[in-house]
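Let's look at how side chains meet inside a protein model. Have the structure open beside you as you read.

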Amino acid sequence: MAQTYEQTSLDWQTRLLQQRLQEWWEFTIARLNPNLPNLEGIGVPPLYIQLLLWLGLVGMGVFLGLRLTRWLHNRRWNQWRWYSPRSGSATVTHQNSWLEEAQRWHGQGDYTEAVRCLYFSLLEYLQIRRGITPLASRTDGEYRRLTQHLAPQESYDLLWRVHERICFRQDTVSQEQWQTYWQAYQRVVND
């Protein structure tokens with residue numbers, strides 16, 4: 001009966017990597033300064049090399065994880081610019097100010113930004129009149145579910161759909177689309 005033997009293992013791969021790193025390090029040091037004394041008899045214990053290797057890998061993983069987290073966080077908040085108008089606008093804090101901002105952008109012909117301001121005005125309206133707190137983590141789908149029992153439902157659906165298209169497809173809004181959005185907004189807040 002023939003026995004099967006392991007061809008490789010994690011321990012063996014680690015030792016092989018350790019040996020190759022040691023050889024590379026020795027070669028690199030010897031190439032940088034060929035006048036160094038020969039230290040053949042002095043070796044670095046393998047445990048230290050393993051420990052340094054793992055500490056280096058963990059440190060690199062933590063560093064890359066933190067960089068990725070920071071990048072994703074900045075990208076997410078900068079992409080949606082939660083509750084802050086674009087450059088050239090003052091900070092807006094309540095529904096009437098959002099309406100004023102929407103009218104200002106409408107007057108400048110930037111219907112996309114005007115719709116965005118109306119969207120934030122709608123969120124303020126939902127908080128004040130309907131008790132639905134706006135959260136940066138909420139999606140338009142979540143708002144759609146929270147407002148499904150409110151009338152006029154087709155107006156709410158239109159408002160959420162247009163906002164999704166602006167945010168995720170980077171669609172622009174025409175003057176006709178602005179008028180449709182404005183009428184849907186009026187139906188919601190005057191209901």
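## Ground rules

Helices (H or I, at least four residues) and strands (E, at least two) are DSSP runs, numbered from the N terminus. This is a predicted model, so local features need pLDDT of at least 70, side-chain atom pairs count only at pLDDT 80 or more, and totals for chains, interfaces and linings use all residues. Residues are numbered from 1 along each chain as its sequence is written, and side-chain values use heavy atoms, with hydrogens and water left out.

## Aromatic rings

Rings of Phe, Tyr and Trp (its six-membered ring) pair if their centres lie within 6.5 Å; planes under 30 degrees apart count as stacked, over 60 as edge-to-face and the rest as tilted. That gives 7 aromatic pairs here. In one of them, the ring centres of Y143 and W160 are 5.3 Å apart and the planes are at 20°, so the two are stacked. This pair links helix α5 (residues 140-146) to helix α6 (residues 153-168).

W160 also stacks with Y156, with centres 6.4 Å apart and planes at 25°. Both sit in helix α6, 4 residues apart, about one turn of the helix. Y156 and W160 are buried (under 20% relative accessible area; exposed is over 50%, partly exposed in between; 1.4 Å probe, protein chains only).

## Salt bridges

A salt bridge is a side-chain nitrogen of Lys or Arg within 4 Å of a carboxyl oxygen of Asp or Glu. The structure has 6 of them. One joins R116 to E113, with the closest N and O atoms 2.9 Å apart.
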